[in-house]
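Biologist: Could you take me through this model before I use it? I would like to begin with the overall fold and then turn to particular residues.

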Amino acid sequence: MAPMWTVGVVFATATGWLYILSSNLPTLEIEEHTHTGSDQSLNLSKIPNRTEVSFPTNLEELTSLAALLQRYQDAHQGYILLLFCSAYLYKQTFAIPGSVFLNVLAGALFGPWSVPLVCFLSAIGATCCYFISYSFGYKYIQQYFPHKLQYLQQKVHENSDSLFFFLLFSRLFPMTPNWFLNIAAPILDIPVSQFFFSVLIGLIPYNLVCVQTGSILSEIKSMDRIFSTWTLCKLAIIAIGALVPGIVAKRYHLNIKEKVKTS
C-alpha cells in the first residue's frame, strides 16, 4: 500500500487545478438592453459574480450557477465544458456527495446530449476512486467500515457466478450507497473492467432523470421533484429487471457444477 500522505498530494493538486479553473473564468462582457414597452429587460442583479462560482448545495445556488455558466457558455463553451468535467471528476474521484446537482446542471448547460457525458464522467471518476482506494485505502476501509465491508463481501461471494449483473443491479437500485461501493470494490477484488462498465451502464437511468430535470430547471421549485416516489419505484423496477440475467446465469453454473459432480 502506498504512503497515505500521497493521497493528500493528489487531493491538493486536484483542488488547486479546480480552483485555478473556477477563479480564472474568461472575461464576460454583458451589455444591458432595455426594450421599452416589453418584459424583455435583462436583470443583471440575478447573475452572480464570477468569484461566487462554487459547488451548489441547494436549488437556489444551482439555479444561480446555471444562469451564470449559461452566459459564459455562449462565448466560452470549451472552457465551461473543461470546468464542468474537472468539477465532476473531482467529486467522483474523492467520493464527495452532491453529484445530483452536477447532473442537473449538465442538463441545464448541455441539454439531453449530456447524458452520455455524465455517464462517462461517472465511470471515469468512480474508476479513479477505485484506484485510489486500491493504493491507499485497504487498511482504513477495513478499520472504519468492517460490518459494511463484510456484508458486501458476502453478497459478492454469493453472486460470483453473475458478478456483473449484481454490480449492475447495485448501480441501478436508487438506494445503493455508490460511494461505498466505489471504495470497497478493489478491496473485494472486483475486476476493474466489470466495475467500470457496471457504473457506465448502471447509472444511465439515474443520470437521465437528473439531466431531464436540468432542461426544465427554471420550473423546479424543490429538489424533491427530481426523485418522486413514482420515479424511485421505476428505478427500483429497472434494477430488479437487471437481476434476471444474473439469476439465469447463476442457475446455469449451478447445473453445470451438479453435472460435474454426478459424472
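Biologist: How many helices and strands does the protein chain have?

Modeller: The model is a predicted one, and its protein chain has eleven helices and zero strands. Read along the sequence, the pattern is therefore α-α-α-α-α-α-α-α-α-α-α.

Biologist: What percentage of the residues count as buried?

Modeller: Of the 263 residues in the protein chain, 41% count as buried. As for contacts with a separation of 6 or more, 77% of them come from residues 24 or more positions apart.

Biologist: Is helix α7 largely enclosed or exposed?

Modeller: Helix α7, residues 163-172, is largely enclosed by the rest of the structure, because eight of its ten residues are buried.

Biologist: Which residues of α7 are those?

Modeller: The buried ones in α7 are Leu 163, Phe 166, Leu 167, Leu 168, Phe 169, Ser 170, Arg 171 and Leu 172.

Biologist: Now to helix packing. At what angle do α5 and α10 pack?

Modeller: Helix α5 (residues 114-144) and helix α10 (residues 204-214) pack at an angle of about 130 degrees, and their axes are 9 Å apart. The two helices are therefore oblique to each other, and their crossing is right-handed.

Biologist: Which residues make that contact?

Modeller: On the α5 side they are Ser 114, Val 115, Val 118, Cys 119 and Ser 122, and on the α10 side Ile 204, Asn 207, Leu 208 and Val 211. By class, the contact of α5 with α10 has six nonpolar residues, three polar ones and no charged ones.

Biologist: Staying with α5, is Ser 133 buried or exposed?

Modeller: Ser 133, which is found in helix α5, has a relative accessible area of 5% and is therefore buried, the cut-off being under 20%.

Biologist: What does Ser 133 touch?

Modeller: Leaving out residues up to four places away in sequence, Ser 133 touches Tyr 138, Ile 141, Ile 183, Pro 186 and Ile 187.

Biologist: Where is Ile 187 placed?

Modeller: Ile 187 is in the loop between α8 and α9, and it is buried, with a relative accessible area of 11%. With residues up to four places away in sequence again left out, Ile 187 touches Ser 133, Gly 137, Tyr 138, Ile 141 and Leu 149. Ile 187 and Lys 139 are 48 residues apart in sequence, while their C-alpha atoms are 9.5 Å apart in space.

Biologist: Turning to backbone geometry, which value does phi of Asp 189 take?

Modeller: Phi of Asp 189 is near 60 degrees, a positive value in a residue other than glycine. Most residues other than glycine have a negative phi. Asp 189 lies in the loop between α8 (178-184) and α9 (192-202), and at 66% relative accessibility it counts as exposed.

Biologist: And what is phi of Ala 95?

Modeller: Phi of Ala 95 is near 55 degrees, which is likewise positive in a residue other than glycine. Ala 95 is found in the loop between α3 (77-93) and α4 (99-110). Its relative accessible area is 28%, so Ala 95 is partly exposed.

Biologist: One last topic, the cysteines. How many disulfides does the structure hold?

Modeller: The structure holds zero disulfides.

Biologist: Is Cys 210 buried or exposed?

Modeller: Cys 210 counts as buried, at 0% relative accessibility. Cys 233, with a relative accessible area of 36%, is partly exposed.

How values were computed: Residues are numbered from 1 along each chain as its sequence is written. This is a predicted model: local features need pLDDT of at least 70, side-chain atom pairs count only at pLDDT 80 or more; totals for chains, interfaces and linings use all residues. Side-chain values use heavy atoms; hydrogens and water are left out. Buried means under 20% relative accessible area, exposed over 50%, partly exposed in between (1.4 Å probe, protein chains only). Helices (H or I, at least four residues) and strands (E, at least two) are DSSP runs, numbered from the N terminus. Axes are lines fitted to C-alpha atoms, for helices over the stretch in contact, and angles run from 0 to 180 degrees between N-to-C directions. Angles under 35 degrees count as roughly parallel, over 145 as roughly antiparallel, 65 to 115 as roughly perpendicular and the rest as oblique. A crossing is left-handed if the near helix is turned anticlockwise from the far one by less than a right angle, and right-handed if clockwise. Contact means heavy atoms within 4.5 Å. Ala, Val, Leu, Ile, Met, Phe, Trp, Tyr, Cys and Pro count as nonpolar, Asp, Glu, Lys and Arg as charged, and the others, Gly among them, as polar. A disulfide is a pair of cysteine sulfur atoms within 2.5 Å.
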